[in-house]
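Take the sequence and the model side by side. The paragraphs below go through a loop, a pair of strands and a helix in turn.

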Amino acid sequence: MRKFSLEHRKKLSIAKLGHTYNRNRKHTKESRKNMSLAHIGLELTKKQLHNLKTINIGRKHSKEFCEKIGLIHKGLKHSIKTKKKISSSKKGCITWNKGKEMSKVYREKVSKSLKGKIGINSRNWQGGKTSLIKRLRNSNKWKDWRGFVFVRDNYTCKICNKRGIIIHPHHLLPVAKFLQFIFETWNGVTLCKSCHIEIHKIMKMEEKCLMKLYQIQML
Ligand SMILES: [Zn+2]
Ligand SMILES: [Zn+2]
């Protein structure tokens, strides 16, 4: 291949500055394949690697480009495989804000920007994914109901009479079926963690038995 002198190449590059004849052209599929085949096994020189690493430092995307990227990624979700990959790569990493205290001004800014962004207005809104029960469980009304039940039962498990351990409020009539009684105080009872788990196991078993009986009866 013919090689031009450095001077000549400089002249050429100056002459080509501002030329746009290739801007909207695209390589054909075949030529792209050829190019990729030609590059297989080639190793980049140190200078090339350095150039690749530093070419984008300090550069910023234009607003249009950012918007385009945002549109492309809108509604896209990572697959479970990628999610696992991401989580495993981030294991053990310390987040940039760990242990750092935000300034008062910054906190005020954040709280101001998030004001009123609940439900549909929230940036994390996923089309009403959180079930109604979950949302009710996070409400102040739930906290009031739970507080009332705990105080009335003197923070004591109603099954094993233990006090001073982790306690849960339990619905006598299951919320999933009797949502209308969710905040009734007579429907709440204080249970310790282990008794609560046990009673839900029993309830599940009962339901299974009933379903089986029902199926047998109907056959
Ligand atoms: Zn329960
Ligand atoms: Zn108990």
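Tyr155 sits in the loop between α8 and β1; helices (H or I, at least four residues) and strands (E, at least two) are DSSP runs, numbered from the N terminus. The model is a predicted one: local features need pLDDT of at least 70, side-chain atom pairs count only at pLDDT 80 or more, and totals for chains, interfaces and linings use all residues. Residues are numbered from 1 along each chain as its sequence is written, while chains are lettered from A and ligands numbered from 1 in the order in which they are written.

Although Tyr155 is not a glycine, its phi is positive, about 55°. Asn154 is also placed in the loop between α8 (140-152) and β1, and its phi is likewise positive at about 55°, though it is not a glycine. Most residues other than glycine have a negative phi.

How exposed are these residues? A residue is buried if 20 or more other C-beta atoms lie within 10 Å of its own, exposed if 12 or fewer, and partly exposed in between, with C-beta atoms placed from the backbone. Tyr155 has 13 C-beta neighbours inside 10 Å, so it counts as partly exposed. Asn154 has 9 and therefore counts as exposed.

Strand β1 (residues 167-171) runs antiparallel to β2, and five bridges join them; two strands pair if DSSP finds at least two bridges between them. Ile167 has Cys192 as its bridge partner in β2. Strand β2 (residues 188-192) is largely enclosed by the rest of the structure, because four of its five residues are buried.

After α4 comes Gly75, with a positive phi near 80°.
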